Amino acid sequence: MNESLEKANRVKTRLLGILNHDLRGPVNSFIHFIQLQKESPELLDAVTKRRIEDATIASAKDLLGSMEDILLWTKNQMENFEPQPKEINVTSLFDYMQHHFSTVQDVQFSFDCAHENLMLHTDEDYLKTILRNLTANAIAAVSEMPEPKINWKAWCENGLVQLSVTDNGAGSNEEQFKALFDPGEVGNIRSGLGLHLIRDLAQAIGCVIAVASVPGKGTTFTLSFS
């Protein structure tokens, strides 16, 4: 009973941290834009207004995505909720990713697939959520780089389908990825929804994640599926 209560408290702590970090930001953006329109409309010329409107729409889409991710993650904590695996064409999966991040400006996205008809047997919603969060983290990592680039890649090696997300950001040390591998790590929510959600959903679908990060050169997350 004590173990069950401790697990429930860890889940609650994660969820509260997620809500605090990932939902407040977009909502604050909405409030700021509405207040600016109401109180100081003269400050908004046509170009500035269009830019802020585009950013607000992008924030709204991110907020909706985060809410969907949270719903999926909380469902995964329920005893009887199980992944629903099926055959997925990897190319169609990355087509979805490109569409989802189509509003992101100034970042060069690319996708390399070893085989046009590479198939993967897993839960599509779980995997999309993992990839969305990895990509969102990569976008944050390259936000201040002079030529921001993110590469998605898919290939098959030793009978295992591999997917990766690579950025050319500043890189990080192992400590910053601790939440990805340590189920007890719930205190550092600065990485947001991403690492905690990725860890739990990857475990649920039997996906093994590896990370390689070189300071000054970037980070690669690799997902392996049997």
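Biologist: What makes β5 and β7 a pair?

Modeller: They pair in the antiparallel sense over seven bridges. Two strands pair if DSSP finds at least two bridges between them, so seven bridges are enough for β5 and β7. Within this pairing, Gln-162 stands opposite Ser-224 in β7. Do keep in mind that this is a predicted model, where local features need pLDDT of at least 70 and side-chain atom pairs count only at pLDDT 80 or more, while totals for chains, interfaces and linings use all residues. Residues are numbered from 1 along each chain as its sequence is written, and side-chain values use heavy atoms, with hydrogens and water left out.

Biologist: What makes a stretch a helix or a strand here, and how many of each are there?

Modeller: Both are DSSP runs, numbered from the N terminus: helices are H or I over at least four residues, strands are E over at least two. By that rule the protein chain has six helices and seven strands.

Biologist: Which strands build the open sheet, and in what order?

Modeller: Five strands form it, in the order β2-β4-β5-β7-β6, with mixed pairing. β2 (108-113) and β6 (208-214) each have a single partner strand, so one side of each has no neighbour in the sheet. Neighbouring strands are turned by 15° against each other on average, direction ignored.

Biologist: How do you know that β4 and β5 pair?

Modeller: Eight bridges join β4 (residues 149-157) to β5 in the antiparallel sense. Here Trp-152 stands opposite Val-165 in β5.

Biologist: What makes you say that helix α3 packs on the sheet?

Modeller: Helix α3 (residues 90-100) touches β2, β4 and β5, where a contact means heavy atoms within 4.5 Å. The direction of α3 makes about 170° with that of β4. Such angles run from 0 to 180 degrees between N-to-C directions, with axes fitted to C-alpha atoms, for helices over the stretch in contact. Helix α4 (residues 124-141) lies across β2, β4, β5 and β7 (218-225), at about 25° to β5.

Biologist: Why is β7 called largely enclosed?

Modeller: Seven of its eight residues are buried, so the rest of the structure largely encloses β7. Buried means under 20% relative accessible area, exposed means over 50%, and partly exposed lies in between (1.4 Å probe, protein chains only).

Biologist: Which strand forms a hairpin with β7?

Modeller: That is β6, with three residues between the two strands. In the turn, Gly-216 has a positive phi of about 85°. Seven bridges join the antiparallel β6 and β7, and Val-208 has Ser-224 as its bridge partner.
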